[in-house]
Amino acid sequence: MDKPKVVLGVSGGIAAYKACELLRRLTESGHDVRVVPTASALNFVGAATWSALSGHPVSTEVWSDVHEVPHVRIGQHADLVVVAPATADMLAKAAHGLADDLLTNTLLTARCPVVFAPAMHTEMWEHPATQENVATLRRRGAVVIEPAVGRLTGADTGKGRLPDPDQIFELCRRVLARGGAARPDLAGRHVVVSAGGTREPLDPVRYLGNRSSGKQGYALARTAAARGARVTLIEANTGLPDPAGVDVVHVGTAVQLREAVLKAAADADAVVMAAAVADFRPAAYAAGKIKKKDGQEPAPVALVRNPDILAEISAERARPDQVVVGFAAETDDVLANGREKLRRKGCDLLVVNEVGERKTFGAEENEAVVLAADGAETPVPYGPKETLADTVWDLVAPRLAAPADGDSDKTG
Ligand SMILES: Cc1cc2nc3c(=O)[nH]c(=O)nc-3n(C[C@H](O)[C@H](O)[C@H](O)COP(=O)(O)O)c2cc1C
């Protein structure tokens, strides 16, 4: 079988050196990679490096090997184009359809999925011009992953850092695995995913918590990003590294999680509540550590109810067409309890899984049945949490309202 053909576009940012690692990961895993740098990118990493690592000639403009018509052929034959790093300038050119070098020509001729991994200073990223260009590219079907937060060029830190090359590689692998659709099915959508387990403090050192690892929620966030969605991941106490291309909000308690979910859900197409939210919290918080006293029994801990976030967002949807998905971990009467919970919460889909030794909390695998409000049931056999995540998005995607802008048949 032919190797999948990947075009690695590199534009002129300081993170260009990290694209060498991405190139290595792609070639070592059996991809045929053609590197197309911009002229500015060669100020950071030279053509010899790209050519030697990829095994292909390297050119920045359309005037080399003209008999092979590279400005058209490279894009036409690609299975995936990934631009990493994508400068503010490159995003602007791509959004406006400019074609003044080989990379921008390739972006116009590609009919395969296109992934942009932007990297720039926070001010450049946050500038309305850049944000509008990103929104345009996403609306047309490109996967534009969110930059990471961290050290930037020089001593600055903030949002704008190129995500770890390993994570960009994983995302590319997922995009390729989903086949050649130029427009991923969640392109242009904003989805919110909650993950992890809330901790309800009792005193400065103790809390009421649960055993949720957050792995299912992270799988949902990663798969949604690979399917083109802008993803906000609201994370509670997982300790997991932020996934590439996803906006992550860190919270601790149920009350904080509610606030973050409601804020992010305001413009979301779908909300998936995979986090295990504590039903109760201690009624009182002791400002100092509760001490044990000789000869005295401990005082009982009074509990109060936490807000029911799933029921609240299902009942008061920020948009009438918003799709809401809940999770239920049950130990007995799994399906009967799941159906009852779906009705009580008022969500569109409920992923019901049985808590067991090898599945659910902390495991890499899961097994579930997805119940729909219209009565449909989709069993998902024991397997990786990513498979369940993809099934959830497969069920969410057809329930989303048609995009308002009519751009749905265009490509990135
Ligand atoms: C040292 C240095 C670092 C730069 N880093 C970035 C960057 O990380 N992101 C960015 O958007 N622009 C960065 N720039 C600016 C771009 O190189 C400049 O906008 C250039 O025109 C981009 O060209 P290209 O998009 O064709 O590659 C940097 C410039 C210099 C001199």
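Biologist: How many salt bridges does the rule find across the interface of domain 1 and domain 2?

Modeller: This is a predicted model, in which local features need pLDDT of at least 70 and side-chain atom pairs count only at pLDDT 80 or more, while totals for chains, interfaces and linings use all residues. Residues are numbered from 1 along each chain as its sequence is written, and side-chain values use heavy atoms, with hydrogens and water left out. A salt bridge requires a side-chain nitrogen of Lys or Arg within 4 Å of a carboxyl oxygen of Asp or Glu. Across the interface of domain 1 and domain 2, the number found by this rule is 2.

Biologist: Which residue forms a salt bridge with Arg 174?

Modeller: Arg 174 belongs with Glu 146 and Gln 167 to the three residues that supply 51% of the area domain 1 buries against domain 2, more than any other three. In its salt bridge the closest N and O atoms are 3.1 Å apart, and the partner is Glu 386.

Biologist: Which helix gives the most residues to the side of domain 1 that touches domain 2?

Modeller: Helices here are DSSP runs (H or I, at least four residues), numbered from the N terminus, and strands are runs of E of at least two. The residues on this side of domain 1 divide into 6 nonpolar, 1 polar and 4 charged; Ala, Val, Leu, Ile, Met, Phe, Trp, Tyr, Cys and Pro count as nonpolar, Asp, Glu, Lys and Arg as charged, and the others, Gly among them, as polar. With 5 residues, the largest contribution is that of residues 165–177, helix H8.

Biologist: How far from an oxygen atom of the ligand does a polar side-chain atom of Thr 87 lie?

Modeller: The ligand is surrounded by 14 residues, the closest being Gly 12, Thr 38, Thr 87, Ala 88 and Asp 89, where near means a heavy atom within 4 Å. Gly 12 places a backbone N or O atom 2.6 Å from a ligand oxygen, and the side chain of Thr 38 has an N or O atom 2.6 Å from one. For Thr 87, the distance is 2.7 Å.

Key. Buried area is the accessible area (1.4 Å probe) that two parts lose on being put together, summed over both. A polar contact is a pair of N or O atoms within 3.5 Å; within protein, one must be able to donate a hydrogen and the other to accept it, and residues adjacent in sequence count only if both atoms are side-chain atoms.
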